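Biologist: I'd like to go through this fold with you piece by piece. Can you start with a helix and work outwards?

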Amino acid sequence: MTPEHIDLLAALGRARAGLRVEVEKPYLIESRLTPLVRREGFESIEALIDELRAKREERLIWAVVESLCRTETTFFRGREAFAALRDGVLPSLSHRRDAPLRIWSAACATGQEVYSVAMAAAEATGLAPGTRFEFFGSDLSERCLEKAQSGLYTQFEVQRGLPIRMLVKYFENQDDTWTISPRIRQMVRWRRINLLSDLSALGVFDVILLRNVLRNMTPALRDKVIRSLAGRLAPDGVLALDPEDDVAGLSDILVAAPGGAGLYLRDPTIGTAAAA
């Protein structure tokens, strides 16, 4: 790829998804685009980019942007956050709600995160009697969402982060494939969502997870997305980010939640509309 090719890809990722393409690492760009090149029948990445320039086809543009996004994820990645949700956050919220607790994995990739929090909720003790949950998984990638909805994972995928007790309890095995139980899978609703779009129609959530995402966004759009998501939180809701995520400059809207693990509360002095 030429520098011009890389600049074009970086501009597409930035404009469509707020993505910070690592232009200094062309080998990463090539590794992420190669499967798409094969799937679409192009001879090379250069041929794919030439097609983008010539036709500006929306379907292909989005396929490229989705391929450039990192979709690496595992079950219970960042175990401390799930323990904090299971043992503290969810029981506390359940005693303040008559309605179902609404939990959204905003960049769920292939589904491991939202299924992990659903399993954590199933394991929680101290919940108010009759507590109900609504789980939502969204991602920019249609292909990732298709896999997430299937609930099918390889032996390699379930070995990454999933305790053996949870595997036996919540999955069924067939040959080298593991299927998450219908009870967990049917608790989750799915939707393709671009986090740069207007999120106001989604309603209000008690917990929003956005992990392993912000580090790949440009700083300005990172702040925009966090503010937008904070605007979707209930007044006492929790935003779960990576502990390493940079939230400098957002102290006017986020307050660190007790227990750490990258959990934040929306500043109680501001309203939902102002946060958004």
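This is a predicted model: local features need pLDDT of at least 70, side-chain atom pairs count only at pLDDT 80 or more; totals for chains, interfaces and linings use all residues.

Biologist: Which residues of helix α7 are buried?

Modeller: Being buried takes a relative accessible area under 20%. In α7 that picks out C144, L145 and A148.

Biologist: Within what arc do the buried residues of α7 fall, seen down its axis?

Modeller: The buried residues of α7 line one face of the helix, because seen down the axis they fall within an arc of 95°. Their cover includes α6 (112-123), β2 (133-139), β3 (152-154) and β6 (188-192).

Biologist: What caps the N-terminal end of α7?

Modeller: Look for a side-chain oxygen 3.4 Å from the backbone nitrogen of R143. Beyond the helix comes G151, with a positive phi near 70°. But the N-terminal cap is S141.

Biologist: How many bridges join β1 to β2?

Modeller: Strand β1 spans residues 101-105 and runs parallel to β2. Within that pairing, S105 stands opposite G137. The bridge count is 5.

Biologist: Which element gives the largest share of the largest nonpolar core?

Modeller: That core has 41 residues, and those with the most contacts inside it are F75, M119, F135, L162 and F171. Leaving aside neighbours within four places in sequence, L162 is in contact with F75, F76, M119, L167 and F171. Another core lies apart from it, with 28 residues, among them A106, I208, M217 and L241. As for the largest share of the 41-residue core, 7 residues come from α6.

Biologist: Over to α3. Which exposed residues sit on the face turned away from its buried side?

Modeller: In α3 (residues 45-55), the buried residues are I45, L48, I49 and L52. They fall within an arc of 95° seen down the axis, so they line one face of the helix. What covers them includes α1 (3-17), α2 (26-40) and α4 (58-68). The face turned away carries A54 and K55.

Biologist: What is the bridge partner of T154 in β5?

Modeller: The 3-stranded sheet is open and antiparallel, in the order β3-β5-β4. β3 and β4 (171-174) each have a single partner strand, so one side of each lacks a neighbour in the sheet. β3 and β5 (residues 177-180) are joined by 3 bridges. In β5, T154 is partnered by T177.

Biologist: Is N173 buried or partly exposed?

Modeller: N173 is in strand β4. Its side chain has a polar atom 3.0 Å from the backbone oxygen of D175, and one 3.2 Å from that of T177. With a relative accessible area of 43%, N173 is partly exposed.

Biologist: Last one: how far apart in space are T131 and S94, C-alpha to C-alpha?

Modeller: T131 belongs to the loop between α6 and β2, and a polar atom of its side chain lies 2.5 Å from the backbone oxygen of A128. Leaving aside neighbours within four places in sequence, T131 is in contact with S94 and L101. T131 and S94 are 37 residues apart in sequence, and their C-alpha separation is 6.2 Å.

How values were computed
Residues are numbered from 1 along each chain as its sequence is written. Side-chain values use heavy atoms; hydrogens and water are left out. Buried means under 20% relative accessible area, exposed over 50%, partly exposed in between (1.4 Å probe, protein chains only). Helices (H or I, at least four residues) and strands (E, at least two) are DSSP runs, numbered from the N terminus. The arc is that of the directions from the helix axis to the C-beta atoms. Contact means heavy atoms within 4.5 Å. A polar contact is a pair of N or O atoms within 3.5 Å; within protein, one must be able to donate a hydrogen and the other to accept it, and residues adjacent in sequence count only if both atoms are side-chain atoms. Two strands pair if DSSP finds at least two bridges between them. A nonpolar core is a set of buried Ala, Val, Leu, Ile, Met, Phe, Trp, Tyr and Cys residues joined through side-chain atoms within 4.5 Å.
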